[in-house]
Amino acid sequence: MADLLTLENHLIGEVWTSVDIYRHLETLCDLGSRFGGTLSEMQAREFLFQQFKKYGLSGVHLEDFDFLSWQRGECRLKTLSPSEREIPAIALVYSPSTTEPGLEAYLIDVGAGSDGDYQAQLAHLPEGIAMAHSGPDRKGRWLHRREKYGLAVSSGARAFIFVNHQPGMLLQTGSLRMGQMAPIPAVGIAFEQGAWLSREARQHPVRLRLEMHTSHKPARTAHVIGEVPGNPGDEVILVGAHYDGHDISQGAMDNAAGIALVLELARIFAPLQGQLRRTIRFVCFAVEELGVLGSTEYVKAHQDDLENLALMLNFDSGVGAGQRGFDCNGFGEIARLCTLFSKEMRYPLQCTERISTAADNFPFLMAGIPNANQTAQVNPRDLSRGWGHTVADTLDKVNEQELRESAMVAARILLRCANHAEKLGQRRSMEEVRTLLIEQNLKSSLIIQDKWPFSQ
Ligand SMILES: [Zn+2]
C-alpha cells in the first residue's frame, strides 16, 4: 500500500493538470438537458458507461428500472380581470393538463407558502389558484417546492403558481410529486410577473385563466456503475451524482458539474485498484429531478448489500465560489471526521450536520447509512437554487478553476475516507433516523411531501 502523502500528491497533481473535467462538462451540456426519457439522457448514459470502461473501472454495468416519464406541452396563463394580460408560464414536472376548456379562478396570494400563509387564506382557497414564491417565510424557514405545492393541494386549491423569488425574468421548474402524476395543475412564473400579480391582488380580485397540456408514459432508465476494488471483503464507499437535468435547460450546475466531478474521481482513482482499504463504487444516478427516483430505486434494489456500505458521498450542485465543505445529514461522527481531515490538511472546510431531504443522499439516510453532500457556498441559503432549475443553468455558470477545486477537495477527502483505519460511521436504526429527522424539525415537512414513512 503506497503511503497517503504520495498518493495524495499524485491525485492532486492529476486534478490540477488534466483538462478532462471541463471537457466532460462541455460534452454533457452539449448533449442537451438529459431529462428523464429523452434522447440526450440516453446519450449521456452511454457516454458515462464508455468513460467508466475507458478508465478501467471494475464491473462496469448498467442497472435499469421503470419510471413514469413526463412531457410538457403548450402552457398559457393570463389575467382576465381587471385587465387582460398574458403571463409567461411553464408547467412544473408531473403537472396534469387542465381540463377543457381551461381553468378559470381567482388568484390567492399565499406569500412564501408556509402552513400559516395557507391557513390565513383557507376560506378562499377552494375557489382559487394558490400563488407561492420560492423564498423563505417570515421566520426565515425554507420550505421545499413540493411542500408548498402539497399545502396547496391539501387546502383545496384548484391550481398552483410557483413564483421565482429571484429577479431576472427566469421561470423555475421542478417536480411536484415523486415519480407520479400530481393532482392539480401547477406552473412556474418569473419574480417580476409574480410581484405584479401580488400588487394587483392587494387592490382587487384577479381572475386568471390557465390552459395547459402535458403528457406522461411509462419509461425505462438506468444507473451507470463501476468500482475501484479495495481489499476483498472490505467496506464500500459509494460516490454518487445524478446525470439527469431539467428539460428546459443544460443543467450545468445541477448537475452536469457534479457528474463531471465524479467522472474525474473515477479517472484518477481507477489506477488504485487493490491499493485502498475500502472499495469505491461510482454510481451515476438516473432521474433525480423527477423526485429522487433513481437513488430510491438503487437503495430498494440493494437491500441485501447495504450492510457493507460504510459511506455515501453525494455530489449535486456543489460547485461554486464559496468555501468547500460537506453537509453530513445528522451524522455527527462524519462531520467530526470531516473537521479532523480539514485540520490535518490545513484546508478550511465547512462541516455541518445539516440534513438534505431532496437529493440522492436521502434514500441512504432513510436506510440509516452514513452520508454527506459536498457544498461550496459561503451561505448556501442566500441564493437558494441560484440558476438551478431555470433555463439559465448553462455551461457559462460553471467556472473551470472552481470545478477543479471542488474535485481536488473531493479527491483528498475520498482518499482519506477510503484509507481511514477506523470505522467511518455508525449505521442508524429506523428509530434513530426518525430521531435525527425530528431533531432537525423535518417531520411536518416530510409528512406534507408524503415522505414520512413512520407511523408517528
Ligand atoms: Zn440536482
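**View 1. Strand S4 and strand S8 run antiparallel and are joined by four bridges.** Strand S4 covers residues 103-109 and strand S8 covers residues 207-228, strands being DSSP runs of E with at least two residues and helices being runs of H or I with at least four, numbered from the N terminus. Two strands count as paired if DSSP finds at least two bridges between them. Within this pairing, alanine 105 of the protein chain stands opposite leucine 208 in S8. The model is predicted, so that local features need pLDDT of at least 70 and side-chain atom pairs count only at pLDDT 80 or more, whereas totals for chains, interfaces and linings use all residues. Residues are numbered from 1 along each chain as its sequence is written.

**View 2. Strand S4 and strand S5 (residues 128-133) run parallel, again with four bridges.** Here tyrosine 106 has glycine 128, in S5, as its bridge partner.

**View 3. The largest nonpolar core holds 133 residues.** Such a core is a set of buried Ala, Val, Leu, Ile, Met, Phe, Trp, Tyr and Cys residues joined through C-beta atoms within 7 Å, where buried means that 20 or more other C-beta atoms, placed from the backbone, lie within 10 Å of the residue's own. The residues touching the most other members are Val187, Leu261, Val262, Leu265 and Leu414, and helix H7 (residues 252-269) gives the most to this core, with 13 residues. Because domain 1 (4-68 + 218-448) and domain 2 (71-216) both give residues to the core, it lies between them; the domain bounds come from an automatic or database domain assignment.

Terms used
A residue is buried if 20 or more other C-beta atoms lie within 10 Å of its own, exposed if 12 or fewer, and partly exposed in between; C-beta atoms are placed from the backbone.
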